[in-house]
Structures are given as structure tokens and as C-alpha cells.
Amino acid sequence: MEIKNICCIGAGYVGGPTMSVIAFKCPNIKVTVVDINEARIAAWNDKNLDNLPIYEPGLSDVVAKVRGENLFFSTDVDTAIESADMIFIAVNTPTKTYGEGKGMASDLKYVELCARQIARVAKSDKIIVEKSTLPVRTAETLQTILDTTGNGVNFEVLSNPEFLAEGTAINDLLNADRVLIGGNQTPSGKRAIQSLVDVYSNWLNPKQILTTNVWSSELSKLTANAFLAQRISSINAMSAICEATEANVEEVANAIGTDSRIGPKFLKASVGFGGSCFQKDILNLVYLCRFFNLPEVADYWEQVIKLNNYQKLRFARKIITSLFNTVSGKKIALLGWAFKKDTNDSRESAAIYVADHLIEDGADIHVYDPKVSASKIKADLSYLWQLNGVTETDITKKLKQVFVHTNSNDALTNSHAIAVLTEWDEFKNYNWKNIYENMYKPAFVFDGRNILDIKKLKGIGFYIQNIGK
Ligand code: UDX
Ligand code: UDX
């Protein structure tokens, strides 16, 4: 079937950029992105492209070219479903915060709601594409809901996991290492796979498009994220040994990364990985392993998360012990809140956990991030505290220790210590001499991303600590 009309449910970090690139590369396909969040859709439709709800390098250029031509953003979900040949599901699938599988399993509530809505509305055959990361065999659940509650039309469910990384999403979509499409190995399943292959063939060459059965595709996404996160936890584990032995983690990473079997990427020791995917997907994998009675496999992968939690805590503790065992009443400047540079996304950012620990010890934290808003920063902390059972009164009290600045100098001036939590490029080029002069002494810098010039900062007089050095 030739696809002429695509609908995507979920205008988030995945749905928005992915559909913008599909529309850009496939001028003959009409792409409509729908979302129940009216404010988000209004932001996608804002004339001023600086107001798009997601900051992603290159995204506004792509949107400017195709919005209103063959790319549309709307809250009218029913109409978009009805007129589409192919429907992508890109709604969020957070870790469950209640009931069975709490804290581990993915919450598929929104995915299920989408399936029920599609089944109710669809009056013609549709191809349904899972874009959200889902537990293995979710396609089966979707197929059952669609077939038992639908209007007698045919649905083919495909899995087409997203491998884009935030901050480089547009480039990752335009020049994908590979696209993975899983589908039923029946004649109609294979036809559906081919329809999606044809969409991507508008800009990718056939060698970059892998096709598999549905279950392999679903599991490959979890596996890719688990392997990537495992590499970071592995190098972060080595960073702790480096600090104890005077080895240098960057030299170690370089030494092993030049072995072509290991490769150089994803070996940057840090304050810990964040983002909406790694932790959620590994917890989900662990939950699945336990479900399938594979406790040793579950424990193996769970250790990746435990090590990451340890790394975040280790960093916060290092700040406290270095500042003579207390940060109570001290001004600690946090440079960066996003989970990595070039994004305004702070989901699961290490900064949240480091800040929480410092606040617990009585610090006043002064945050500066070039892209994350004050309301988001406070909401991130409040959400963590709510999950941990902190009362509303105590949350209000704790928030009095949180100050967010739109100017880095306000965060840095008169601070006792500075912690770099996101690797934003601008931090490297600050006037560090000037910053030193306006700080309490001894002036501490804790570089959780290893981006600052140690020699230069030591020369100025800073007391500087890094990860794994
Ligand atoms: C995606 C994937 O869905 C997730 O599985 C993956 O692991 C990470 O990326 P993301 O795009 O980052 O999620 O999520 P988010 O930015 O929260 O966007 C999801 C959107 O879906 C939201 O705008 C939300 O309003 C919308 N939504 C949610 C609906 O339109 N309908 C619903 O029923 C639920
Ligand atoms: C990740 C996957 O890379 C992507 O394929 C998948 O689709 C979604 O999840 P993302 O979360 O956007 O993408 O960012 P990524 O670049 O993978 O970084 C994740 C976290 O790991 C960040 O906090 C980053 O700072 C950290 N990281 C990454 C390190 O600490 N060290 C590294 O060497 C690499």
C-alpha cells in the first residue's frame, strides 16, 4: 500500500522531530501530529519558531520548511486517525508509579488508550506503528485491543523503535545508522513492512533499513539502550577506581577505545546518565526478566542502574565532604540542569539527584541552565520529593533552598562551590578568573562532565575535582 497520509499520536521529543523529518523528506505524504495537550500543539503551531515546545538543533529550520505544507499539528485526534493510512503511536510510556510493577514496569496506559481510540474511530484498514519504547510482546496486546474493539477493519501492527538521541535528533533522523522495522511474517504483515520501508526509502538507502519479526524489533530497542547505558556504568565504575589509584579515566577510556572491538564512543565518565530512556528501559527489561523467571539476568541488568545511582550520590557526597563535611547554609552553584547539552529536556537528569542530596544537607542551590526553565527545575524536584513521600509542607520548605537564575553570574557570585552537571559548551568559555575573584575561598569546582581546563583553573587558584582523575 502506498502511504499518502500519516498520523502520529504524541507530539513529544520523539513524535515531533521524527514526523517533521518524514514530512520534510516525503513531500507527497501528508503528516498530521496530534496530541491531547492543547498548549503543546499551540506551541508547535506558534508563528515564532523560538517557541516550539522542544529545543533541538536544526528542528526549527525543518519545521519552517514544511509546516502548513504537508506537516500539521492538531488536537483533533479522531479526524487525523480516520484519514490516515498509517498511524504512529509516540505517546509516553513512563515507569509505573503505582500498583503492580510499581517503580519497574512501563506504564502502558496511554498506549492502550490510543489503541482503543484508533479502534473506535477507524472505518478503513490501517497500519499501526509502535514508536514508543515498549515491553516485548506489546504488539500482541495492541493487536488484541484493535481486533476486538474495532469496526471490522484490518490492522497491521509494526514495531519501528526510535534510536534518535536528543540534541542530535535531526541529524540522527536524516543520517540514521539504521532504521528497524519489525512486523508479522504473514503476507499482509510483509506488505505493511514494505509500506514503511518505502517511506524511509525516500532518504535512506536500503542497506540502512533492517526488517525483523515484531518481537526482535521490540527487544532490540531495549537491548540497544541497555548496552549503551551499560557502557556508561562500566566507565563510571572505572572512574571510581581511577580516583582511588591516581589512574586517569580519560587515558583509560582512550586506551581501551582504540581497540576496534571496543570502539571509542560512549566511554565518557560522568556524574551519571539521565534522560527519559535508559533507566526506564532497563527497569522495564529487569521487570520482564523477573516475569519470565530469569532472576540472574534481571540482577545483571539491574546493576547498571545501581551503579548509576551510586555515581550520582558519590558526586554529591564528594562535594559535601570536600566542603568540610557540611554544605548547610552554603551557596552551591549548579551549572546545567538538562540531562545532556543541547536539549531543554531534564527527565531523570543527574542534576535532580545531586541537587536533592545537597538540599538534604542544608545547601542553598543556585541553578543556571541555558535552556531549562525555573518552573521545570522546581517541578523536577517537587516530583522526586512527592515520589519519596515528602509532604506538601516540607516540599514548600525545601523549595526555599532552590534559586534559579537566567544569568550565570547571579548563580556563581558569592558561591562556596560550583558543580558542573551538564556539558554545555558555554561553561568552558566563562571568565573563570573573574568567577574566582567573586567566590568564597577556598573556591571549589566539581566538574561532573570533565569539560573544564584543570590546569588553567588550578593556576587561577581553584580547588578542582573531576570524575575519574
Ligand atoms: C517517547 C516515547 O514515547 C517513549 O516510549 C520513549 O521511551 C521516549 O520517547 P517522548 O516523545 O519523549 O516519549 O515523550 P513526551 O515528550 O512526553 O511526549 C509524549 C506526548 O504524547 C505528550 O505530548 C502527551 O501529551 C502525548 N499524549 C500522551 C497524547 O497525545 N495522548 C495520550 O493519551 C498520552
Ligand atoms: C538515548 C539513546 O542514545 C537513543 O538511541 C535512544 O533512542 C534514546 O535514549 P538520549 O537519552 O537522548 O538517547 O541521549 P544519549 O546521548 O544516549 O545520552 C544519555 C545519557 O548518557 C546522558 O545523560 C549523557 O550525558 C550520558 N552519557 C552519554 C554519558 O554520561 N557518557 C557517555 O559517554 C555518553
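Me: Ala, Val, Leu, Ile, Met, Phe, Trp, Tyr, Cys and Pro count as nonpolar, Asp, Glu, Lys and Arg as charged, and the others, Gly among them, as polar. How do the residues of the lining of the second largest cavity divide?

Reply: The model is a predicted one. In it, the second largest cavity holds about 30 Å³ of space, and its lining consists of Phe273, Gly274, Gly275, Gln279, Asn308, Lys312 and Glu348. With Gly placed among the polar residues, the lining divides into 1 nonpolar, 4 polar and 2 charged.

Me: How many cavities of 30 Å³ or more does the structure hold, and what volume has the largest cavity?

Reply: The structure contains 2 cavities that reach 30 Å³ or more. The largest cavity has a volume of about 40 Å³.

Me: Which residues line the largest cavity, and how do they divide by class?

Reply: The lining is formed by Glu130, Ser132, Thr133, Leu134, Ser159, Asn160, Pro161, Glu218 and Lys221. Sorted by class, these residues come to 2 nonpolar, 4 polar and 3 charged.

Me: Which helix gives the most to the lining of the second largest pocket?

Reply: This pocket has a volume of about 280 Å³. Its lining counts 15 residues, and Ala105, Leu108, Pro135, Tyr287 and Leu288 are those nearest the centre. Two helices each supply at least two lining residues, helix 6 (138-149) and helix 11 (278-291). The one that gives the most, with 4 residues, is helix 11.

Me: What is the make-up of the lining of the second largest pocket by class?

Reply: The 15 residues of this lining include Ala105, Leu108 and Pro135, and each of these three belongs to a residue type that counts as nonpolar. Over the whole lining, the classes are 8 nonpolar, 4 polar and 3 charged.

Me: Which residues come nearest to ligand 1?

Reply: Ligand 1 has 20 residues around it. By class, this shell has 8 nonpolar, 8 polar and 4 charged residues. The residues that come nearest are Asp35, Arg40, Val91, Thr93 and Lys280.

Me: What share of the accessible area of ligand 1 does the protein cover?

Reply: Oxygen atoms of ligand 1 take part in polar contacts with the protein: a polar backbone atom of Tyr13 is 3.0 Å from one, and a backbone N or O atom of Ile36 lies 3.1 Å from one. Ser132 contributes through its side chain, with a polar atom 3.1 Å from an oxygen atom of ligand 1. Of the 690 Å² of accessible area that ligand 1 has on its own, the protein covers 90%.

Me: Which helix gives the most to the shell around ligand 2?

Reply: There are 20 residues around ligand 2, and Phe163, Glu166, Ser270, Phe339 and Arg449 come nearest. By class, the shell divides into 11 nonpolar, 3 polar and 6 charged residues. The helix that gives the most, with 4 residues, spans residues 214-245 and is helix 9.

Me: How much of the area that ligand 2 exposes when taken alone does the protein bury?

Reply: Backbone atoms of the protein lie close to oxygen atoms of ligand 2, at 3.0 Å for a polar atom of Glu162 and at 2.7 Å for an N or O atom of Phe163. Lys268 likewise places a backbone N or O atom 2.9 Å from an oxygen atom of ligand 2. Taken alone, ligand 2 exposes 660 Å², and the share that the protein buries is 90%.

Me: Which residues does a cis peptide bond join?

Reply: The bond in question has an omega of about -5°. Pro442, one of its partners, has its place in the loop between helix 17 (432-437) and strand 13 (444-447). The two joined residues are Lys441 and Pro442.

Me: What radius of gyration does the protein chain have, and why does it agree with a compact globule?

Reply: The protein chain has 18 helices and 14 strands, and its C-alpha atoms fill a box of roughly 70 × 50 × 45 Å along the principal axes. Because a compact globule of 469 residues would have a radius of gyration near 23 Å, the value for the chain agrees with such a globule. The protein chain has a radius of gyration of 24 Å.

Note on methods:
Residues are numbered from 1 along each chain as its sequence is written. Chains are lettered from A and ligands numbered from 1 in the order in which they are written. This is a predicted model: local features need pLDDT of at least 70, side-chain atom pairs count only at pLDDT 80 or more; totals for chains, interfaces and linings use all residues. Side-chain values use heavy atoms; hydrogens and water are left out. A residue is near a molecule or strand if one of its heavy atoms lies within 4 Å of it. A polar contact is a pair of N or O atoms within 3.5 Å; within protein, one must be able to donate a hydrogen and the other to accept it, and residues adjacent in sequence count only if both atoms are side-chain atoms. Accessible areas come from the Shrake-Rupley method with a 1.4 Å probe; for residues, only the protein chains shown count as cover. On a 1 Å grid over the protein atoms alone, a cavity is a set of points where a 1.4 Å probe fits but cannot get out, and a pocket is an open set with protein on both sides within 12 Å along at least five of seven lines; lining residues have an atom within 4 Å of a point. Grid points are joined across faces, edges and corners, and a volume is the space filled by probe spheres set on the points. The radius of gyration is taken over C-alpha atoms; the globule rule is 2.2 Å times the number of residues to the power 0.38.
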